Amino acid sequence: MTMKTKEKFERLKELELNTRSDKERAKIHKEFDQLATADPDGFEDAFIESARLTLHKAKKLKIKDQMSEISEIISMSYIARTYFNKTKSWLSQRINELNV
């Protein structure tokens, strides 16, 4: 993989993540296609590296971070009582990775 391909891939990925326009997104996808055609092996390597990095970042997220949005909508007491037959405090300790 050439560094140029990796850099272009990362630039296009960032653009794609930040665009809101379908027209602009289609343009970016066309550029991805051109990059994949120009350097198939480099594109594949860049894609795999990006996927591995994304997976690594996802694994590092704590359950607390993943649940922060839904905890405002659902009752943590209800989940603790219904699914674990425990208290909200017990569930909170597990979510926050506290060894009590």
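Begin by selecting M76, S77, I79, A80 and F84 in α5 together with K88, W90, L91 and I95 in α6, since these residues meet across the two helices, where contact means heavy atoms within 4.5 Å and helices are DSSP runs (H or I, at least four residues) numbered from the N terminus. The residues of this contact divide into 7 nonpolar, 1 polar and 1 charged, with Ala, Val, Leu, Ile, Met, Phe, Trp, Tyr, Cys and Pro counted as nonpolar, Asp, Glu, Lys and Arg as charged, and the others, Gly among them, as polar.

The model is predicted, so local features need pLDDT of at least 70 and side-chain atom pairs count only at pLDDT 80 or more, while totals for chains, interfaces and linings use all residues. Residues are numbered from 1 along each chain as its sequence is written, and side-chain values use heavy atoms, with hydrogens and water left out.

Next, display helix α5 (residues 76-84) and helix α6 (residues 88-95), whose axes come within 8 Å and cross at roughly 95°; axes are lines fitted to C-alpha atoms, for helices over the stretch in contact, and angles run from 0 to 180 degrees between N-to-C directions. The two helices are therefore roughly perpendicular to each other, a label for angles of 65 to 115 degrees.

Then move to F32 and F43, an edge-to-face aromatic pair at 6.2 Å centre to centre with 80° between the planes (ring centres within 6.5 Å; planes over 60 degrees apart for edge-to-face). F32 lies in helix α2 (residues 22-38) and F43 in helix α3 (residues 40-60), so the pair ties together parts that are 11 residues apart in sequence. Finally, select F9, F32, F43 and F47, which ring pairs link into a cluster.

How values were computed. Parallel < 35°, antiparallel > 145°, perpendicular 65-115°, else oblique. Phe/Tyr/Trp six-rings, centres within 6.5 Å; stacked < 30°, edge-to-face > 60°.
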